[in-house]
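The sequence and the structure come first.

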Amino acid sequence: MTDHRFQIDLGGIIDLLANHLYSTPQVYVRELLQNAIDAITARRALEPDHAGSITIEHVAGRDGGPATLLFADDGVGLTDDEVHQFLATIGRSSKRADLDALRSEFIGQFGIGLLSCFMVSDEIVMITRSARDPDAKALRFEGRADGTYTVTPTDLESGPGTQVWVRAKPAAAEWVEADALERLLLRFGGLLPVPIRFSSGGAEPRVLNAEGAPWRRRYASAEEEREAILAFGAEMFEVDMLDFIPLRSRPGEVDGVAFVLPPSHATVTGASNHRVYLRNMLLSERVDNLLPSWAFFVKCVVNCNGLRPTAGRESFYEDADLEATRAALGKALRSWLVRTAEHDPARLDALIRVHHRSMKALAVEDEDFYRVIADWLPFETTGGRIPLGELRSILRAGVPPGARPLLRFTKTVDEFRQVAPIATSQRLTLVNAGWDYDEELLERLPVIDPGIDVEPVAAVDLVADFEELDPAEADRAARLLAVAERTLAPHRCSAEVRRFLPAELPALYGIGDAALFRRSVDIAKEGADETWSALMDGVAGGPGADPGAATLCLNLGNPLVGKLTRVADEELLRRAVELLYVQSLMLGHHPLRETEMTLLNEGLLALIELGIDARGGEEGRP
Amino acid sequence: MTDVDRSRAQELIDRARAMGFFDHSPAKVALLEEAVRLADADGTDDDLRWDARHELVHTATFCGFYETALVAFAWQLGKCDENPERWHERDLLWQYKWIISSLHRFPGIPLERIDETTEDMARRYERCGLNQRPVHDVRRRNALFTGNLEATHEHYRLWKATPRDSGADCAACELANEFDYFLVAREQPEEAIELAEPLLDGRMSCAVVPLSCLAQVLVPLLRLGRVEETVAHHLRGIGLIDDRSRAIGSVGDHLDYLAITGNHRRGIALLERRFAWASEGRNLSGRFTFYLGAWVLLSRIAERARKPTRKLRLPRSLPFWREDATYRLDELLAWLEGELRGLADAFDRRNGNEWFARRVTAARELLALDTPISLAGR
């Protein structure tokens with residue numbers, strides 16, 4: 001007997017559910033579990049002592065054909081009216097926007113869940129019997145992927161509940177195999193508070209989800225708990241985790257754990273994919289917006305009861321609740337870190353050694369946190385990599401009591417490289433703040449430690465700080481300076497003569513950011529055609545482009561440079577300056593431009609020749 | 001000494017790689033630039049010089065250091081042409097479209113040069129057996145950014161008519177570009193927003209998308225009266241910016257939004273935090289968009305301020321930087337106007353139109369909008 005009380009076209013909604021809503025067909029398992037758990041919850045409202053269970057049977061297809069699945073629950077079931085209500089409401093909706101409203105009530109969710117099976121099947125049979133009416137007959141719904149369906153009363157005798165038969169379509173066989181199905185059931189339903197019994201090939205059913213969430217269990221000791229939770233993390237993410245942090249938040253009603261990633265995964269920023277359950281059902285393994293952006297040192301497994309999922313149920317709406325949850329979870333992580341700093345510094349030390357970037361990211365945003373954690377944060381210095389606390393004591397020890405220590409840092413890695421040798425020779429401790437967050441943190445150091453001053457330095461500054469010459473010296477060096485200026489001008493470099501340490505260093509090449517970029521352009525242009533050369537000029541020039549300053553600073557304290565001030569031969573002086581220039585470029589590990597290579601090659605030969613003329617020439621005289 | 005340079009270069013490349021594929025921080029760029037310099041200083045190992053640059057082009061592009069990427073890429077392309085047996089052209093094509101679609105950002109590059117380079121890209125795609133879809137895409141984007149609407153529509157048509165093949169840009173990026181086209185070239189915000197729905201609701205994303213869409217969509221949504229939707233987009237968009245200085249233009253869009261919605265304190269915090277990206281970076285079109293946003297925000301604040309001055313933490317590198325962090329708003333606005341005029345002139349002179357000058361006018365018109373939204377506690 002066919003019942004057509006309503007003429008309803010299910011084609012639109014089936015197309016939406018089967019082809020457009022979800023990123024993968026495997027969520028049909030989640031949808032069926034969701035329906036079962038909702039039905040059991042509803043039945044408990046009628047019969048508070050009803051325990052409920054979900055049974056899944058896998059029947060392999062004959063001759064290697066597609067398998068058939070039976071999903072059965074002993075939940076509330078549907079009455080005749082409810083079946084038609086579900087058909088009527090869901091038949092009217094074929095837009096994504098309608099789904100949210102449908103999901104929000106039992107019947108609508110039921111319909112979406114059921115019809116999602118069309119992702120893996122062309123034909124669905126459902127038999128349901130309502131618990132609301134002891135005399136209710138069972139109903140049989142048969143739907144096909146083309147949108148046609150029949151509803152008939154049936155004589156099948158069983159208790160209240162719903163059974164869904166799904167025959168896999170060949171293209172979806174992989175989602176319906178016994179092994180795959182068991183994995184999916186455990187993945188989506190592992191936290192459900194109702195037993196999921198699974199059987200395949202006629203074997204005895206097994207309960208898949210006996211254990212529940214590891215962070216909700218009771219343990220005999222802290223070690224046992226640690227071991228169990230870390231084992232869980234290793235299983236979930238296939239990575240041995242360094243540590244774990246319990247998470248709890250009232251906004252969003254969240255409970256779970258954050259796993260601290262090991263060093264091999266420490267520096268990968270970008271989306272951290274968290275595993276998130278919604279009311280104990282797995283929502284997604286790729287939620288990336290649950291934690292504040294600085295928290296990229298952890299991966300979470302959490303359950304949320306109070307957040308709104310998107311229509312596809314694969315992430316959350318970015319709404320005020322999510323924002324509040326994110327803030328609360330951030331606070332939970334932060335207060336764990338602060339507590340650990342107080343009670344278990346060794347544990348924190350191990351964590352920060354691996355995750356200092358994450359800690360620095362938070363410290364930049366949160367001054368109070370910075371204050372607590374500052375001493376642990378490592379910085380690269382001329383004395384190696386040291387924590388800020390140690391650095392502060394080194395600086396303090398270096399000044400007389402009562403005086404304010406000064407922390408000098410370079411803003412870029414390049415500058416550090418240039419300045420480090422000078423700083424070392426002058427016995428200055430210098431910090432490389434070229435890495436992420438370091439500059440911002442150091443600039444703010446006086447805010448959390450008013451007893452210290454900080455100052456950025458660049459090579460150019462250090463040269464400016466070098467000792468000025470007295471008038472007599474300046475007079476003596478004037479000729480050398482003039483020749484050096486003339487010689488270096490074609491290389492876009494100016495010259496200075498100063499006195500600085502170490503005396504062994506005859507000259508120092510200092511270069512700013514813009515000039516450094518200009519050098520890289522020059523080198524790239526050497527192998528480029530006209531078009532690309534023009535492009536690079538266009539990039540390096542343009543309005544507001546800084547031509548950039550490069551300076552060769554000659555050291556009058558160096559004996560060789562001292563001698564040069566007494567050389568009268570301009571040709572010799574020019575060659576010497578050119579070689580000092582090239583040598584200081586190489587000392588700074590700068591690749592040489594072609595013109596500079598020429599200086600090097602010709603200059604060496606010329607100097608040798610000059611040397612031979614000066615000496616060998618005399619000796620060779622008859 | 002050369003051996004030291006070489007092994008240090010390799011070490012720096014390894015260190016950069018260990019930071020992860022999705023790390024596009026200035027710190028990683030710095031590592032790789034140093035690696036390139038050392039590999040060049042060593043000069044004996046072309047594989048190393050190539051590898052360092054290959055990493056650098058990728059990281060610098062996503063970090064928004066387009067000029068750095070361009071210079072490194074130019075070297076690679078030169079190597080390819082010098083010895084096509086050893087260096088494969090096909091390996092560079094994916095990056096080529098990034099390079100070309102960044103050229104318009106530099107007003108020092110004439111349009112003919114952009115065209116010539118795009119021709120070269122087209123030839124290379126053809127030679128590698130790929131269709132012209134990405135070429136039409138970059139042509140359209142360059143045409144739109146330089147204010148040539150006629151060409152924009154034509155390249156859109158051609159792009160649409162060419163199917164995706166293995167050389168096509170990532171689907172999320174393509175959709176974001178199409179969104180931009182409907183929003184800016186067609187001035188059809190509703191269609192654009194509907195089109196971008198999979199990006200806006202998070203179904204589609206990639207390394208760069210939907211960061212820019214979430215910012216661009218804010219003011220149009222306000223104008224359409226869809227005020228409630230903007231909050232989530234703004235918050236999510238701000239969250240995605242993180243340490244990507246590439247997003248400096250998007251920061252400008254968020255500043256517009258915070259100005260119009262009366263969230264001035266947040267606006268100032270954002271402005272302070274990102275100012276150096278704009279003023280110190282070489283991405284001039286990004287700088288332009290950021291300064292527009294900064295101008296809108298500070299103008300709105302000045303309209304309503306009781307005092308002529310305001311405390312601001314600005315980068316030290318600015319010519320008018322003050323130790324006491326107190327600035328006169330009128331002076332600051334005048335400085336921004338000067339910068340904007342200079343940039344607009346340079347772009348418009350190159351483009352032969354008034355597209356950028358019109359963008360400045362449009363920013364002034366934004367001040368007519370006033371849609372208070374409370375972001376407190378969000």
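In strand 10 of chain A, A:Asp255 is the bridge partner of A:Arg248. Strand 9 and strand 10 (residues 254-260) of chain A run antiparallel and are joined by 7 bridges. Two strands count as paired if DSSP finds at least two bridges between them. Helices (H or I, at least four residues) and strands (E, at least two) are DSSP runs, numbered from the N terminus.

These strands belong to an open sheet of 5 strands in chain A, with the order 9-10-13-11-12 and mixed pairing. Strand 9 (243-249) and strand 12 (281-287) of chain A are its edge strands, each pairing on one side only. From one strand to the next, the twist averages 15°. Helix 7 (residues 222-237) of chain A lies across strands 9, 10, 11 (274-278) and 13 of chain A, and runs at about 80° to strand 10 of chain A. Axes are lines fitted to C-alpha atoms, for helices over the stretch in contact (heavy atoms within 4.5 Å); angles run from 0 to 180 degrees between N-to-C directions.

## Basis of the model

This is a predicted model, in which local features need pLDDT of at least 70 and side-chain atom pairs count only at pLDDT 80 or more, while totals for chains, interfaces and linings use all residues. Residues are numbered from 1 along each chain as its sequence is written, chains are lettered from A and ligands numbered from 1 in the order in which they are written, and side-chain values use heavy atoms, leaving out hydrogens and water.

## A buried lysine

Strand 13 (residues 298-304) of chain A contains A:Lys299. A:Lys299 is buried, with a relative accessible area of 19%; buried means under 20%, exposed over 50%, and partly exposed in between (1.4 Å probe, protein chains only). A polar atom of the A:Lys299 side chain lies 3.3 Å from the backbone oxygen of A:Asn273.

## An enclosed strand

Strand 21 (residues 550-555) of chain A has 6 of its 6 residues buried, so it is largely enclosed by the rest of the structure. A:Ala550, A:Leu552 and A:Leu554 cover one side, and A:Thr551, A:Cys553 and A:Asn555 the other.

Strand 19 (residues 494-498) of chain A runs parallel to strand 21 of chain A, with 5 bridges joining them; A:Asn555 is the bridge partner of A:Arg498. Strand 20 (residues 507-511) of chain A is joined to strand 21 of chain A by 5 bridges and runs antiparallel to it. Here A:Thr551 is the bridge partner of A:Gly510.

## Cores and interface

The largest nonpolar core has 136 residues, of which A:Trp532, A:Met536, B:Leu271, B:Phe290 and B:Tyr291 touch the most other members. Such a core is a set of buried Ala, Val, Leu, Ile, Met, Phe, Trp, Tyr and Cys residues joined through side-chain atoms within 4.5 Å. Helix 17 (residues 284-304) of chain B gives the largest share of this core, 11 residues.

In the interface, 47 residues of chain A are in contact with 52 residues of chain B. About 4,200 Å² is buried between chain A and chain B, and carbon and sulfur atoms give 61% of this area. Buried area is the accessible area (1.4 Å probe) that two parts lose on being put together, summed over both. A:Trp532, A:Val539 and A:His589 supply 15% of the area that chain A buries against chain B, more than any other three residues.

Definitions and conventions
Polar contact = N/O pair within 3.5 Å; in protein donor to acceptor, adjacent residues only side chain to side chain.
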